[in-house]
Each structure stands twice: as C-alpha cells, then as structure tokens.
Amino acid sequence: QPQLDLGYYNAGVIYNLQNRYKEAVDMMTRAIRLQKNNLGLARRRSERGNAYFHLGDFKRAQSDFVAAVRLDRSDPDVLNNVAWFRATCPEANFRNGKEAVELATLACTLDKWKDADQIDTLAAAYAEMGNFAEAERYQQKAMALLSENEALRPKFRARLEQYRSKQPVRQEIS
C-alpha cells in the first residue's frame, strides 16, 4: 500500500513537470486516497493544487492549497506553491498578497534563503502587494543564486523588468 501511494505520487510529480496536468490530478488523487496518515498528505494536496492551477480550476486549486497549509506549515515546497498561487493567480479573487508574502517568507526562512525559486516567489508576492522596490530587491537576490547558464535566468530577468515597470506577475495557464 505505501509503495503504491508513493508510485502514484511520483507519477503525479512527473506529469506536473511534463505539463500533463489532467494525468497529474488523477495520480495525486489516487495518492491522496491511499494516504493513511497526514504525513506527506500536504505535499500531495499541494502538488494536485498545482495541477488544478495550471488547468485553470482555481477553486479546486485553492481548496487543495488551503488544506495543504493547514496540514503542514513546515514544508517549504508546500508553502512556496501556495504563495505562488496567492501572488500570481490570473483571477483577482484568488490572490492575496499579504498571505503570499507571509508564506513565501516562511518558506525562504525554512530553507535558509538558499532557494532561488522561493525568493522569486517572495518577489512576486511583494509585487502583488504593489511593493515593487521589495519585489525588485528580492528578484535580484534570487538571480544572484542562479549560475550563469541557469535555465531560469531569462525568466527571472524578465520578471525583474516587470517589477521595474511596476507590473505584477500573472501565471499563464497552459
């Protein structure tokens, strides 16, 4: 049973990485159903929330993200996923800059400010709040953690230019 749960979870993560979000939802739902305790459940709900987010099903994404944070406020990846959703959702009624800053800051703190993605999320959260000076500052911090040939560099640089132009980030739906 635990092996099966982990297999579904791993398949769901891979589907998310491949932008195959319907399959990711299916695998994560199976993993969630098989999960017997709360250990790991937050990560599964967060991953499924990501898939729903990319499918444009913001209501289900929000439901999974709220549950994930309630289950575990000590998993930086969970916190980062929820913060990104709250900062960048295309639909305004799902965004919450204050919550995004709080969750992203906690994620960065838990990972000792060494994860460029989490600092990038914090920058997006500040931009959502309209604090573009902080957004720019944190985006530069995130970029400083990337190597010169890092694949994320062009995306991070584009976001930095957005903040300089006083534009928040909106996640595009696949």
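Where does Lys166 lie? Lys166 is in the segment after helix 9, helices being DSSP runs of H or I with at least four residues, numbered from the N terminus. The model is predicted, so local features need pLDDT of at least 70 and side-chain atom pairs pLDDT 80 or more, while totals for chains, interfaces and linings use all residues. Residues are numbered from 1 along each chain as its sequence is written, and side-chain values use heavy atoms, without hydrogens and water.

Trp113 is found in the loop between helix 6 (97-110) and helix 7.

Helix 4 (residues 58-71) packs with helix 5 at about 145 degrees, the axes lying 10 Å apart; axes are lines fitted to C-alpha atoms over the stretch in contact, and angles run from 0 to 180 degrees between N-to-C directions. Among the residues that meet (heavy atoms within 4.5 Å) are Phe58, Phe65 and Val69 in helix 4 and Val78, Val82 and Phe85 in helix 5.

The largest pocket has a volume of about 1000 Å³. A pocket is an open set of points on a 1 Å grid where a 1.4 Å probe fits, with protein on both sides within 12 Å along at least five of seven lines; the volume is the space filled by probe spheres set on the points, joined across faces, edges and corners. Of its 30 lining residues (an atom within 4 Å of a point), the closest to the centre are Asn50, His54, Asn81, Trp84 and Gln171.

Methods: Helices (H or I, at least four residues) and strands (E, at least two) are DSSP runs, numbered from the N terminus.
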